Amino acid sequence: MSERDIGEVILDVRNISLSFGGVKALQNISFDVREHEVRAIIGPNGAGKSSMLNCINGVYHPQGGEIAFLGEVRSDMNTHHAAESGIGRTFQNLALFKGMSVIDNLMTGRNLKMKTGLLAQAFHLGPARAEEVRERKFVEHIIDFLEIQAYRKTPVGRLPYGLQKRVDLGRALAGEPRLLLLDEPMAGMNMEEKQDMCRFVLDINDEFGTTIVLIEHDMSVVMDISDRVVVLDYGSKIGDGTPDEVRSNPEVIKAYLGESH
Amino acid sequence: MAAKKNGPIAALGAVLAAGLLAPLFTGSAPGFYIEVLLGGLMAGVLYSLVALGFVLIFKASGVFNFAQGAMVLFAALALARLAEWLPGWIGIPAGYPALALAFVLAAGIMVAVAWVIERVVLRPLVAQDPVALLMATLGVTFFLDGFGQTIWGSNIYAINLGISKDPTFILPSVFQGGILISKEDLVATVIATALVILLALFFQKTATGRALRAVADDHQAAQSIGIPLNRIWVIVWSVAGFVALVAGMVWGSKLGVQFSIAQLALKALPVVILGGFTSIPGAIVGGLIIGVGEKMSEVFLGPPLVKLWDLAGGGIENWFAYVLALLFLMVRPEGLFGEKHIDRV
Amino acid sequence: MFYRENGQFKSSYREDQQLLGIRQDRWFIFALIAFAFLAVPYLASDYMFRAILIPFLIVSLAAIGLNLLVGYCGQISLGHAAFMSVGAYAAYNLVVHFPQLNFIVVLVLAGFISALIGTVFGLPSLQIKGLYLGVATLAAQFFIDWVFARVKWFTNYSPSGSVSTAQIDMLGWTVNTPVEKYLMVLAIVIVFALMAKNLVRGHIGRSWMAMRDMDVAAEVIGIRPVHAKLSAFAVSAFYAGVAGALWGFVHLGSWEPAAFSINFSLNLLFMIIIGGMGSILGSFIGAAFIVLLPITLNQVLPVMGRWVGMNFSTAFASHLEFMIFGALIIFFLVVEPLGLARLWSIGKEKLRLWPFPH
Amino acid sequence: MKTRTSILALAAVAATLGGALAPTTAAFAQAKEQFFPVLVYRTGVYAPNGVPFANGYVDYLKLVNARDGGINGIKITYEECETGYATDRGVECYERLKGKGPTGATLFHPLSTGITFALTDKSFVDKIPIVTAGYGRSDSVDGQVFKWNFPLGGTYWGAADMLIQHIGKKEGGLDKLKGKKIALVYHDSPYGKEPIALLQERVKMHGFELQLLPVTHPGIEQKATWLQVRQNRPDYVFLWGWGVMNSTSIKEAVAVGYPREKMYGVWWSGAEPDVRPAGDGAKGYNSLVFMAPAGKGRVHQDILKHLHDKGLGTGSKDEIGEVLYNRGLTAAMVSVEAVKRAQTKHGKKPLKGEEVQWGLENLAIDQKLIASLGFTGFADPLSTSCVDHEGGSVARVQHWDGSKWIVGADRYVADQQIIKPMIKASAGKYAQEKKLTPRDCAKELTAGK
């Protein structure tokens, strides 16, 4: 782990509860995320990890609790606010824009930054053009960073899974998030791909200084790259701390070893 | 979630109910009011019959079958013309015998149609997105319209169920002028009810019926029970074809069989919206609601509007059903009985 | 083989982002436009102009509009002809009440009015999706039909409810010969097609496509569904409105609500499905297909009939027309669900790689 | 593979599409031919009425060739085009056919008020007459504004007026109409809306109550309409329907028990296809009949002799003599006579539409001519002029006795006192909308001398 100065708490989740109909997905979960750290949420399937993320960036609306991001306290986020205030997000089951090329997917990720109006667009006036080029430059950075130059114009649908994951990550980065939520970024990857992804995550964290919250159930990976870990099981928090603390937490061990794979 | 939605629905329902009852207090004769109500219900029955076809197919194959109206036309034409020709061909006595035989043959034809559609349209397009399939059924519509008129002719043909067309008046003692009832409408209702019961039995009791329900619920599951999807589809489309035949017969006996029947499909759309794409009871109830809503609005809401804005005539029933369905969608997108689904991330 | 990109290097993002990346495409399009402007007026007959070219161009415009909504933003509309009629009647009333207005101004205003209505009827799209939305838009179709048939003001109290238009003149140029009409429509359509192309390659277009492909992800990125969907409805209806005004003023000259019936809406939908969803070019191909096919069948079938020595009655010919039309729709959906434009691009792909198989 | 097949298919289609140009570029070298375009609808919602009319029209054209060897030796050629009663298709047909034949189209019978409206504007440019015998825009009687329109033998304003006169007579005087209720059940299109203007004029005069009940195309949904009729129990119902709508109306009338004797249809709602589907229910139903009532005369014998016996007949034998067949026949006869008339001025050669226009404007069809053509009882005299493109309008009232039409004795003539000013006003409005300067007939007359 490279020595990085972990800053103040930027995201504070306070006793969040969420339920669909009768099913309790989350039961008053609380944890915080500090500026510039890599925070992991782990837990067996159905532990409510994704639901947690969905609450943080406003896809779901928790019935109880509140979320404070950059000091701003909200009972529930809405996706637009989340994005505007700098929360980026990747998806567990790829949610790319299948019909569009890699470049367009990333440019779309940049959408919030683009402001020129309908008419300027329609007539492709100076401002619109300039903006297009400016943002394109930025996006090209990300493309280089993720090493997907070769696929710029390829429709994402045609890319192999691993690469699609990268594009997904790139699209999130394009929004220059302060907080990046990664939903199982390594799910279904082979070893090399996983290593690449780890590298990317850490580099993002280093170079862009992005704070990262990631979900993963591959313990080993998580333990390597994250500063602190939250453990969920059946919608409630059973552990929180540095990888080592969590590793030695009996409940966690029970939860994981209890259900033998 | 659900709790949040019931409020608006109740509101909408209340408004509709109020609108429904309003005429009684604005001094229109109760007798006439009841007549309009009945008229609406009768029209509703026909809509239900067409909507039923929609629902059956949508349930089992997820296809939004625009061709249902064309199928009604085609079936009705087949029935009418065969009933007319058979006596000449095989010397079977005209009237009921001919009609009965014609009905059987027409049913057979609809099965053939279903089979062809499955072969030529559905199978190649399986797993395409719904819009493509919708388009395909539009193609089917065009084909059936042309084909039907080619082999059966494009004139107005009669289906004679031998029911007197003259109106009968009941309860003249209670209401001045009595209440007008048309025997045809009654027969139509009886037939429709019978059909619905038949379908219900088919779906509940027979193995095929249960299989169909399985498919409707979940295609994989269906396959795992070992039902070839293709056959299911043929069956469903045949059933829909049969429903179309009945609808065509009822409608044709009332107003004659002619190309314009195909337009019925459009009448059935708001019905399925209202009732939900996947619910048979929805189709029935939706049909009745739309039928009543249309006639009521036309008769009682139309004239005031015309006066108010000096319109060139009423005719609001043309859009009333759709606007009603639209309002309904806004408060309850999944329809009256349709099951809702939340998309996950 | 001339269709080669090699030697064409993009030295700036500007170049990379230009409309037609490949030089040959550029030339082809320019040549086509030049041909349409310079050669066609001398080649085509009156009939070609009035019965084929002008209607084709106008419906192409409408199809582009619909494609922006359905093909790019993924919102189905079965009521687009209604928006056309809004444009047509808006234009009519503008001309009646402000005769001095230049026709182009009238067109644009009509477009805006139609856009407004389109936005209103687009509101349901925030709640409902797919076929449900499609049926919801039918409400627009029937309601608007009704309004124009009933509210006398819109038809300037014409006793028959049918309106007819004065000849178009703008800045002294009186547009009444078919050629003039054709050229005017052509110019308008090209401009609007370019605008559409620009929109869909800009961030607004991307926000539409994002909505179409994965609306949840789009929202997470920060795209507001309200903006994306409603802007799509507005722009789409704008195009429809302009097309409608042209259809009324240039093609029909006089019309009643029936001229913009549900069948027209369905035909527009056919055009973009057959031509290709999410493709401006496809809109043109589809329009050509739907406009030409019935006319052609209607004319060619009797001739063919005579060849095979049987005399088709008009009735049989038109029934056959129905059947073939339906059959072809199914055929093309089966062989290429992505539309003819896709075939076109596949062809280009192959041409690019020629003579290598892949 | 898949793509190749489809590309091939695409090519195939493209090839066929290419065919679209063929008919237009094809040359028509043959001289000595007079080309008649025939707009028809033999399919779709209105086919039941469209077919017999078209057959009658075509049969007569054939007859003129077979019997008289053409119009004074000029052979008639014709081509049908299916409009399906749709305006845009109609316009396409018009554009396709107007240029055919050595001299282009003789004249057009649009057979749809909607299409008539669309073609009227084009006629000023193309100079081809548009004959709308008994339909079309009523104000086009004014030949000074509508040089090319010929609503020969009757307009809807006239028709509505005659109906009012008839029921006035039944009531024993128009003044008796005061306080009476009349419902107009009409096809919701320009066709159905035309009569409203006049009826409202009459309302002002006689103070009866007019209820408007539009029926949406195609007209199979009329339950609500007739429930309203049952509610208001109007004294009379005027029916302004077409196609399947007519029979539906009668059936619904039966269903709500409205007496058919009190129903009066316009002349387009008074044919066999309108009443037959209703069976006995139609008994007692009335309608106007103008020009040709049902029945057979000498011309029919000729058609049977010269066409059907030789297997050249267009439709089936048994529809000969039906109302709409006869009307088609008469329409064709008038058109042919117009050409004959024009030939007296321009010579016995194939004529342009522009030349035929003169013939239509100077029609002089009297009983003698009618008799010589074998149309006795199937046509009324017509004499048109530059100012009057209608040429006189007479109609009678017929009623259906369950098997055939019985034509009443008294003839009705529209009251020009009322109609003339309406025409003037409406035509004037049109001229001003279109920025047209009306012709000056008086001057043309002197110029002609």
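In chain A, the C-alpha centres of domain 1 and domain 2 lie 27 Å apart. Please keep in mind that we are looking at a predicted model. The domain assignment gives chain A a domain 1 made of 1–86 + 177–261, and a domain 2 covering 97–176. Where those two meet, domain 1 of chain A puts in eleven residues and domain 2 of chain A puts in ten. On the domain 1 side, helix H2 (79–84) and helix H7 (191–208) of chain A each supply at least two residues. Which of these gives the most to that side? That would be H7(A), with four residues. Sorted by class, the domain 1 side has eight nonpolar residues, one polar and two charged.

Staying with chain A, let's turn to its sheet. Four strands make up an open sheet, in the order E2-E1-E4-E5, with antiparallel pairing. Strand E2 (23–34) and strand E5 (72–74) of chain A are the edge strands; each has a single partner strand, so one side of each is left without a neighbour in the sheet. On average, neighbouring strands here are turned by 15° against each other, direction ignored. Helix H1 (residues 49–56) of chain A packs on this sheet and touches strand E1 (9–20), E2 and E4 of chain A. The direction of H1(A) makes about 65° with that of E2(A).

If you want to find the pairing on your screen, look for A:Phe69, which stands opposite A:Glu72 in E5(A).

A:Asn15 is not a glycine, yet it has a positive phi of about 25°. Is A:Asn15 buried, exposed or partly exposed? There are 14 other C-beta atoms within 10 Å, so A:Asn15 is partly exposed.

Now over to chain D, and a strand with rather different surroundings to talk about. Six of the seven residues of strand E5 (residues 181–187) of chain D are buried, so this strand is largely enclosed by the rest of the structure. Seven bridges join E5(D) to strand E6 (residues 209–215) of chain D, and this pair runs parallel. D:His187 stands opposite D:Val215 in E6(D).

Follow the chain onward and you come to the loop between E6 and H8 of chain D, which holds D:Pro218. The peptide bond joining D:His217 and D:Pro218 is cis, with omega about -5°. Then there is helix H8 (residues 223–232) of chain D, mostly covered, with eight of its ten residues buried. Among the buried ones in H8(D) are D:Lys223, D:Trp226 and D:Arg230. Just after H8(D), D:Arg233 takes a positive phi of about 40°.

Next, the contacts between chains. Between chain D and chain C, 47 residues of chain D are in contact with 39 residues of chain C. On the chain D side, H1(D) gives the most, with nine residues. That side divides into 15 nonpolar, 15 polar and 17 charged residues.

Chain C also touches chain B, in a contact that takes 46 residues from chain B and 37 residues from chain C. On the chain B side, helix H4 (96–125), helix H5 (130–152), helix H10 (264–275) and helix H12 (317–331) of chain B each supply at least two residues. The largest share of that side, 17 residues, comes from H5(B). By class, the chain B side has 33 nonpolar, ten polar and three charged residues.

What does C:Ala62 contact, leaving aside its neighbours within four places in sequence? C:Ala62 is in contact with C:His80, C:Met84, C:Tyr239, C:Ala240, C:Ala243 and C:Leu268.

One last stop in chain C: C:Tyr157, in the loop between helix H6 (130–150) and strand E1 (163–164). C:Tyr157 has a positive phi of about 55° although it is not a glycine. With 11 C-beta neighbours inside 10 Å, C:Tyr157 counts as exposed.

Methods
Residues are numbered from 1 along each chain as its sequence is written. Chains are lettered from A and ligands numbered from 1 in the order in which they are written. This is a predicted model: local features need pLDDT of at least 70, side-chain atom pairs count only at pLDDT 80 or more; totals for chains, interfaces and linings use all residues. Two residues are in contact if their C-beta atoms, placed from the backbone, lie within 7 Å. Ala, Val, Leu, Ile, Met, Phe, Trp, Tyr, Cys and Pro count as nonpolar, Asp, Glu, Lys and Arg as charged, and the others, Gly among them, as polar. Two strands pair if DSSP finds at least two bridges between them. Axes are lines fitted to C-alpha atoms, for helices over the stretch in contact, and angles run from 0 to 180 degrees between N-to-C directions. Domain bounds come from an automatic or database domain assignment. A residue is buried if 20 or more other C-beta atoms lie within 10 Å of its own, exposed if 12 or fewer, and partly exposed in between; C-beta atoms are placed from the backbone.
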